[in-house]
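Please look over the sequence and the 3D structure shown here.

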Amino acid sequence: MRRFPLIFIFLLLATARLLAVGDWNLVKFEGRDYVSLSNIGQFYQLGSLQQSGSNLILRSGSRCLKGQLGSPEFYINNLKFILSYPVAEVGGQPSISRMDLTKLLEPVLRPSRILNSTKVNTIILDPGHGGHDNGAASLFGNEKNYALDVALRTRDLLRAAGFQVYMTRSTDRFVPLEERAAFAGRFPNALFISIHFNSSGNEATGVETFTLAPRGVPSMAADGPALSDFVPCPGNGRDAENIALACATHATLVYNSAMFDRGIKRARFVVLRDSITPGVLIEGGFLSNPNDARRIATTAYRQQMAGSILQAVENYRNAVGTRPTLPVATASNDTTKPNIPVVITNPSARK
Ligand SMILES: [Zn+2]
């Protein structure tokens with residue numbers, strides 16, 4: 001099993017306010033604002049940028065950011081994120097987009113500063129598909145049944161831990177996507193977790209976690225940019241919480257299963273787009289891949305997924321909004337240490 005420290009590190013720059021401060025050196029590139037990784041290293045006290053060829057590392061103590069010039073893959077403490085735009089050399093400096101800084105790095109590095117986040121006590125579980133919609137299939141079974149099984153196991157664990165749990169379906173029935181999102185919106189102080197399994201060619205493997213694309217960011221599940229990318233969605237009001245929840249969920253899923261990490265991605269799936277509740281959609285492996293399909297068919301794997309979701313929800317709740325609204329930090333006078341709630345505390349204690 002892979003062992004790596006999965007650590008939350010979070011920081012919403014309260015976008016405009018923080019980035020308006022002169023400490024951030026924004027440079028225009030391809031019509032977008034970029035900020036250098038050196039600038040990011042300085043702000044988050046991650047030391048100076050180490051570069052070897054196209055490989056880039058910012059590291060300080062237990063925190064580590066890794067990227068590669070030209071690639072959208074970006075690792076925070078070895079957990080894979082897919083940036084909205086690849087790392088680029090801008091003005092001679094390896095840089096990432098301001099969008100990725102404010103909508104990804106900040107809330108992930110400093111979750112306690114996410115503004116207006118609610119104290120979570122309710123979880124909405126959304127098993128994908130159902131009824132006439134089987135979803136993907138393997139030799140062993142259908143996605144709709146696996147998703148429901150994981151959701152029921154998760155429900156039991158969450159209830160035992162004191163959460164209120166509601167399900168968009170708890171039997172094998174078809175529920176339209178719009179109804180699922182609307183249902184979630186009825187509950188305050190909630191998180192929305194949609195459970196799916198993937199399908200593609202034989203080769204594709206691993207787990208991935210989707211969360212809503214911020215306004216203006218292309219969906220990674222689409223063929224290319226579309227005009228609709230610029231239409232604000234109800235879910236965009238929860239951008240910071242969405243990515244924080246995705247980080248918490250993906251971390252425990254990947255860590256506990258040691259499945260291949262396909263990363264945290266952005267999409268505008270209806271259940272994410274229309275939901276006013278912070279939410280994620282998890283893909284727990286590929287039914288089209290023989291090895292993944294065999295694992296998914298075991299109750300042990302599905303129980304482990306349920307345990308990972310419980311652990312993620314608890315980690316999220318502990319990390320987000322723990323600090324009452326503070327004056328927004330600036331790079332020059334922010335002497336407080338970014339908080340680092342540990343995601344994985346004692347993995348061996350879990351079944
Ligand atoms: Zn599905």
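This is a predicted model: local features need pLDDT of at least 70, side-chain atom pairs count only at pLDDT 80 or more; totals for chains, interfaces and linings use all residues.

The chain holds nine helices and 15 strands. Of its 351 residues, 50% count as buried. Take the contacts between residues at least 6 apart in sequence: 75% of them join residues at least 24 apart.

**A four-stranded sheet**

- Four strands make up an open sheet, in the order S1-S2-S9-S8, and the pairing is antiparallel.
- Strand S1 (26-29) and strand S8 (88-90) are the edge strands, and each of them pairs on one side only.
- Neighbouring strands of this sheet are turned against each other by 55 degrees on average, direction ignored.
- S8 pairs with strand S9 (residues 93-97) over three bridges, in the antiparallel sense.
- Val90 has Gln93 in S9 as its bridge partner.
- Helix H3 (residues 98-109) packs on the sheet and touches S1, strand S2 (32-36) and S9.
- The direction of H3 makes about 70 degrees with that of S2.

- Asp100 is found in helix H3.
- Is Asp100 buried or exposed? Asp100 is buried, because 27 other C-beta atoms lie within 10 Å, and the cut-off for buried is 20 or more.
- Leave aside the neighbours within four places in sequence, and Asp100 is in contact with Leu83, Ser84, Tyr85 and Leu105.
- Asp100 and Val217 are 117 residues apart in sequence, yet their C-alpha atoms are 9.7 Å apart in space.

**Strand S15 and its partners**

- Strand S15 (residues 279-286) is mostly covered, with eight of its eight residues buried.
- Strand S12 (residues 190-198) pairs with S15 in the parallel sense, over six bridges.
- In this part of the chain, Phe192 has Gly279 in S15 as its bridge partner.
- Strand S13 (residues 207-212) runs antiparallel to S15, and three bridges join them.
- Opposite Thr209 stands Ile282 in S15.

**Helix H9 with H6**

- The axes of helix H6 (residues 239-257) and helix H9 (residues 299-319) come within 8 Å and cross at roughly 140 degrees.
- The crossing of H6 and H9 is right-handed.
- On the H6 side, the residues that meet H9 include Ala244, Leu245, Ala248 and Thr252.
- On the H9 side, they include Met305, Ser308, Ala312 and Tyr316.
- How do the residues of this contact of H6 with H9 divide, and how many are charged? They divide into nine nonpolar, nine polar and no charged.

**Helix H9 with H4**

- Helix H4 (residues 143-160) and H9 pack at an angle of about 50 degrees, and their axes are 8 Å apart.
- H4 and H9 are therefore oblique to each other.
- The crossing of H4 and H9 is right-handed.
- H4 contributes Tyr146, Asp149, Val150, Arg153, Thr154, Leu157 and Leu158 to the contact.
- H9 contributes residues including Arg302, Met305, Ile309 and Val313.
- The residues of the contact of H4 with H9 divide into nine nonpolar, three polar and three charged.

Note on methods:
Residues are numbered from 1 along each chain as its sequence is written. Two strands pair if DSSP finds at least two bridges between them. Helices (H or I, at least four residues) and strands (E, at least two) are DSSP runs, numbered from the N terminus. Axes are lines fitted to C-alpha atoms, for helices over the stretch in contact, and angles run from 0 to 180 degrees between N-to-C directions. Two residues are in contact if their C-beta atoms, placed from the backbone, lie within 7 Å. A crossing is left-handed if the near helix is turned anticlockwise from the far one by less than a right angle, and right-handed if clockwise. Ala, Val, Leu, Ile, Met, Phe, Trp, Tyr, Cys and Pro count as nonpolar, Asp, Glu, Lys and Arg as charged, and the others, Gly among them, as polar. A residue is buried if 20 or more other C-beta atoms lie within 10 Å of its own, exposed if 12 or fewer, and partly exposed in between; C-beta atoms are placed from the backbone. Angles under 35 degrees count as roughly parallel, over 145 as roughly antiparallel, 65 to 115 as roughly perpendicular and the rest as oblique.
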